[in-house]
Amino acid sequence: MRSKATTYLLLLTVATVWGLIAWKLFSPSASGVAGPAAVPSVATKDVAEDTLSLNYRDPFLSGGRALKPVPPSGPVMHPLPPPPAAKKSVKHNIRYIGRIRRQGVEYSLAEINGDLHTVRPGEQIDNYRLDNIFADSLHFSFDGERIIVKLAK
């Protein structure tokens with residue numbers, strides 16, 4: 001915009017255009033071109049509410065043969081499988097203290113049921129069998145259950 005006069009001229013033009021648009025939309029017109037169309041009233045029949053008329057022919061049975069009705073059968077009973085046996089929840093009292101290496105053989109220091117033991121993989125103490133020794137955990141087996149014991153801090 002170069003000058004105030006140009007700005008005022010453009011504002012006047014915009015106001016005029018929007019004024020014409022508003023006048024065409026909101027003024028009643030005698031010619032019937034603008035404005036909402038009148039809706040003619042239609043006489044309605046008195047129809048009972050919630051009626052359903054099903055007196056039409058079935059489109060699936062036309063031109064084809066009718067299906068034979070299926071004889072009703074008794075209820076099908078499937079035996080339920082027995083519920084799985086609940087496992088006993090055993091609180092394992094094991095702590096991984098650390099690991100040591102003696103003469104090239106790796107041992108772990110584990111506290112099992114309050115007693116400190118040095119255990120090698122494959123050894124069994126109080127029905128706990130040590131499977132693997134890792135830097136941060138021990139893997140035990142107890143009655144088919146896998147127990148992972150993290151390093152105590």
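**Sheet, core and charges**

Modeller: Four strands form an open sheet in the order β4-β5-β6-β7, with antiparallel pairing; strands here are DSSP runs (E, at least two residues), numbered from the N terminus, and two strands pair if DSSP finds at least two bridges between them. This is a predicted model, in which local features need pLDDT of at least 70 and side-chain atom pairs count only at pLDDT 80 or more, while totals for chains, interfaces and linings use all residues. Residues are numbered from 1 along each chain as its sequence is written, and side-chain values use heavy atoms, with hydrogens and water left out.

Biologist: Which are the edge strands?

Modeller: Those are β4 (124-125) and β7, each of which pairs on one side only.

Biologist: Switching to the inside, which residues touch the most other members of the largest nonpolar core?

Modeller: They are I112, Y128, L138 and F140, out of 14 residues in that core. The elements giving two or more residues to this core are β1 (94-102), β2 (105-112), β5 (128-133), β6 (137-142) and β7 (145-150). A nonpolar core means a set of buried Ala, Val, Leu, Ile, Met, Phe, Trp, Tyr and Cys residues joined through side-chain atoms within 4.5 Å, where buried is under 20% relative accessible area, exposed is over 50% and partly exposed is in between (1.4 Å probe, protein chains only).

Biologist: What is L138 in contact with, beyond its sequence neighbours?

Modeller: Leaving aside residues within four places in sequence, L138 has contacts (heavy atoms within 4.5 Å) with Y96, S108, A110, L130, N132, I133, I147, I148 and V149.

Biologist: How many aromatic pairs does the count come to?

Modeller: It comes to 2 aromatic pairs, counting rings of Phe, Tyr and Trp (its six-membered ring) whose centres lie within 6.5 Å, with planes under 30 degrees apart called stacked, over 60 edge-to-face and the rest tilted. The ring centres of Y128 and F140 are 6.3 Å apart with the planes at 80°, so that pair is edge-to-face. Because Y128 lies in strand β5 and F140 in strand β6, the pair ties together parts 12 residues apart in sequence. Y128 also forms a stacked pair with F142, at 4.6 Å centre to centre and 20° between the planes.

Biologist: Are those residues buried or exposed?

Modeller: Y128 and F140 are both buried, and F142 is buried as well; ring pairs link Y128, F140 and F142 into a cluster.

Biologist: What about charges, then: how many salt bridges are there?

Modeller: The count is 5 salt bridges, a salt bridge being a side-chain nitrogen of Lys or Arg within 4 Å of a carboxyl oxygen of Asp or Glu. One of them joins R99 and E106 (2.8 Å, N to O), and another joins D131 and R129, with the closest N and O atoms 2.7 Å apart. D136 and K150 also meet in a salt bridge, at 4.0 Å, N to O; D136 is in the loop between β5 and β6 and K150 is in strand β7, 14 residues apart.

Biologist: How accessible are D136 and K150?

Modeller: D136 counts as partly exposed at 43% relative accessibility, whereas K150 counts as exposed at 54%.
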